[in-house]
Amino acid sequence: MAHPSRSSSDQLPPLISVLSALLERADTSVYTKDPSGRYTYANRQVQLLFGSTLEKILGSTDADFYSAELARSIRENDLSVLKTGKVFAGLESGAVLSTGE
């Protein structure tokens, strides 16, 4: 007897679990932000970089972690991504945390 075909949406929860596990183990910083620049996801590397917990990062902006000048520069990059749809995959120039690190 043939099994009914499953839609891709039926497979989403397991896929999300796998992707989440991969992102948490990544050796690079992976994050997402909403259109206003607030963090909606930050993997373990971002948490280590900011010296903060996920709970404290979520809803925060770059101004909470970087100097005002760098936060403005990062926001400009973010707005460019939103406008063009092209992903920014690079190192933020001069990325120094507000703690001086």
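Here is a short chat about a predicted model.

User: Which residues is Thr-28 in contact with, leaving aside its neighbours within four places in sequence?

Analyst: Those are Asn-43 and Gln-45. As for Val-46, which is 18 residues away along the chain, its C-alpha atom is separated from that of Thr-28 by 8.1 Å.

User: New topic: which residues make up the largest nonpolar core?

Analyst: That core has 9 residues: Tyr-39, Ala-42, Val-46, Phe-50, Ile-57, Phe-65, Tyr-66, Leu-70 and Ile-74. At least two residues of this core come from each of strand 2 (39-42), helix 2 (44-50) and helix 4 (68-84).

User: How many aromatic pairs does the structure hold?

Analyst: There are 5 aromatic pairs. One of them is Phe-50 with Phe-65, which is stacked because the ring centres are 4.0 Å apart and the planes are at 5°.

User: What does that pair tie together?

Analyst: Phe-50 belongs to helix 2 and Phe-65 to the loop between helix 3 (54-57) and helix 4, so the pair ties together parts that are 15 residues apart in sequence. Phe-50 is buried, with a relative accessible area of 9%.

User: How about Phe-50 and Tyr-66, what kind of pair do they form?

Analyst: An edge-to-face one, with 5.6 Å centre to centre and 80° between the planes. Tyr-66 sits in the loop between helix 3 and helix 4, 16 residues from Phe-50.

User: Which residues form the aromatic cluster?

Analyst: Tyr-31, Tyr-39, Phe-50, Phe-65 and Tyr-66 form one cluster.

Terms used:
Residues are numbered from 1 along each chain as its sequence is written. This is a predicted model: local features need pLDDT of at least 70, side-chain atom pairs count only at pLDDT 80 or more; totals for chains, interfaces and linings use all residues. Side-chain values use heavy atoms; hydrogens and water are left out. Contact means heavy atoms within 4.5 Å. A nonpolar core is a set of buried Ala, Val, Leu, Ile, Met, Phe, Trp, Tyr and Cys residues joined through side-chain atoms within 4.5 Å. Buried means under 20% relative accessible area, exposed over 50%, partly exposed in between (1.4 Å probe, protein chains only). Helices (H or I, at least four residues) and strands (E, at least two) are DSSP runs, numbered from the N terminus. Rings of Phe, Tyr and Trp (its six-membered ring) pair if their centres lie within 6.5 Å; planes under 30 degrees apart count as stacked, over 60 as edge-to-face and the rest as tilted.
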